[in-house]
Amino acid sequence: MNAAVFFAAGFCFAVLQFCFFFLLESQLSSAWNSYAAVTLAWMAGILIGLMVSFETSRMRRAIWLVNLPCYYGVWLGLRAWPFDARALPLYALLVAGSGLFAGHFFRASFAQTKNARSLLLHENNGFVLGLLAGLLGFAANGRLFLLLAPALSFVLLFIFARLARCSL
Amino acid sequence: MVGSGSFEAVAQALPAARHVTSVEIDPVVAAAGLRYLSGGRTPEHEPKWSIEIDDAKHYIANLTGSVDVVALDIAGPFQRQVALLYTQEFYELIKRHLRPGGILSVPANGDFQKRPETASLIVTTLLSTFPDVFVVTRGNGRTSFAMAGTTLGFGKAELLKRMKAEGREDVVVYDRQDIQRHLQGRLIRPLSLANMDVVLKQGVDRLRRKFFKA
């Protein structure tokens, strides 16, 4: 499997996490519970994705398809009900939905390559670049970044995965 | 009163206020301020004072009524979370919850007379959101703050007269026209979710000062 896929995945996960944090802190609250909700929900999603085996190609496709709608669900929710903390459990659920894809990605990638070292190295490098992109993107135009960056980074990952012909 | 710090601003506001609510995001900061920094002028037992542990954006957006004064007693826009409290979006939230004649008070973070970048940015953002804006600076250049509102109901002359009557002889007051003249020729984009590069610039400046001292 192509190292570029791991790198693109790390980049995509960093951008997604950054956008979840920035969305909640700008449209809901910068208090600790926003960060705790995103962190815990993302980790819970990853854990579930790591533990559950999505064996059929239909299930795997569903995992890919659920990722972006989860992010844009939070984006839309915060536009519809800004600063309404009652929706935080719903947002946490959607963040977990995105995390589920990350967990599945690690499980499926390891199953195919059996090389955790390479997987984590490239994914981590992509993640660092994604964090940097997040910082620069929010400084340049946070509003646009929140709208476009998750979709673009996800499309990038999808293209790399298709080119590498990996069946994630 | 957004932010707590030493609670000095609360102590200053209490004699003239019917009620003061401090909004502080971090309970530990508030507790430390009360314990170590308030210098015996702690408002803890003052019936006209209360404190809400909440993010100011969330607190103000969920206010049911309106208020006379919102005063920001916070650090400069040098971190993302704090910078959000200097944006057009936050000022719009405040505008919706100010009574007619209500005042927003904002620290300008620098000597406005010398047109530093951060102070100019803050004041430009206020100008883009509120029709009435005044900047007050002290002669020693150490203090500048801005007042803004939709219908403040007083002018520069009245403000100057009042401040001088209180013994502040060295103040300089800028009204909207003065500010525009003062900042003429500078291209400044208001701080908003679509423009927060001040955070990055400040971070880079700080790193440069720390590691690449001239």
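Colleague: In this predicted model, which residues is A:Phe6 in contact with, leaving aside its neighbours within four places in sequence?

Modeller: Once those neighbours are set aside, A:Phe6 is in contact with A:Ser109, A:Leu119, A:His122, A:Glu123 and A:Gly126. A:Phe6 itself lies in helix H1 of chain A, which covers residues 3-27. A:Phe6 and A:Ser118 are 112 residues apart in sequence, and yet their C-alpha atoms are 8.5 Å apart in space.

Colleague: What makes A:Phe6 buried?

Modeller: A residue is called buried if 20 or more other C-beta atoms lie within 10 Å of its own. A:Phe6 has 28 other C-beta atoms within 10 Å, and therefore A:Phe6 counts as buried.

Colleague: Turning to the other chain, what does the secondary structure of chain B come to?

Modeller: Chain B has nine helices and seven strands.

Colleague: Why is chain B called as compact as a globular protein of its length?

Modeller: The globule rule gives 17 Å for 214 residues, and the radius of gyration of chain B is 17 Å, close to that value, so chain B is as compact as a globular protein of that length. Taken along the principal axes, the C-alpha atoms of chain B fill a box of roughly 50 × 45 × 35 Å. Of the 214 residues in chain B, 37% are buried. Among the contacts in chain B between residues at least 6 apart in sequence, 70% join residues at least 24 apart.

Colleague: How many residues does the contact between the two chains take from each of them?

Modeller: The contact takes 16 residues from chain B and 17 residues from chain A. On the side of chain B that touches chain A, helix H3 (56-61) and helix H9 (197-211) each supply at least two residues. By class, that side of chain B has eight nonpolar, four polar and four charged residues.

Colleague: Which residues make the contact of H5(A) with H9(B)?

Modeller: From H5(A) they are A:Leu135, A:Ala139 and A:Ala140, and from H9(B) they are B:Asp197, B:Val199 and B:Leu200. By class, this contact has five nonpolar, no polar and one charged residues.

Definitions and conventions: Residues are numbered from 1 along each chain as its sequence is written. Chains are lettered from A and ligands numbered from 1 in the order in which they are written. This is a predicted model: local features need pLDDT of at least 70, side-chain atom pairs count only at pLDDT 80 or more; totals for chains, interfaces and linings use all residues. Helices (H or I, at least four residues) and strands (E, at least two) are DSSP runs, numbered from the N terminus. The radius of gyration is taken over C-alpha atoms; the globule rule is 2.2 Å times the number of residues to the power 0.38. A residue is buried if 20 or more other C-beta atoms lie within 10 Å of its own, exposed if 12 or fewer, and partly exposed in between; C-beta atoms are placed from the backbone. Two residues are in contact if their C-beta atoms, placed from the backbone, lie within 7 Å. Ala, Val, Leu, Ile, Met, Phe, Trp, Tyr, Cys and Pro count as nonpolar, Asp, Glu, Lys and Arg as charged, and the others, Gly among them, as polar.
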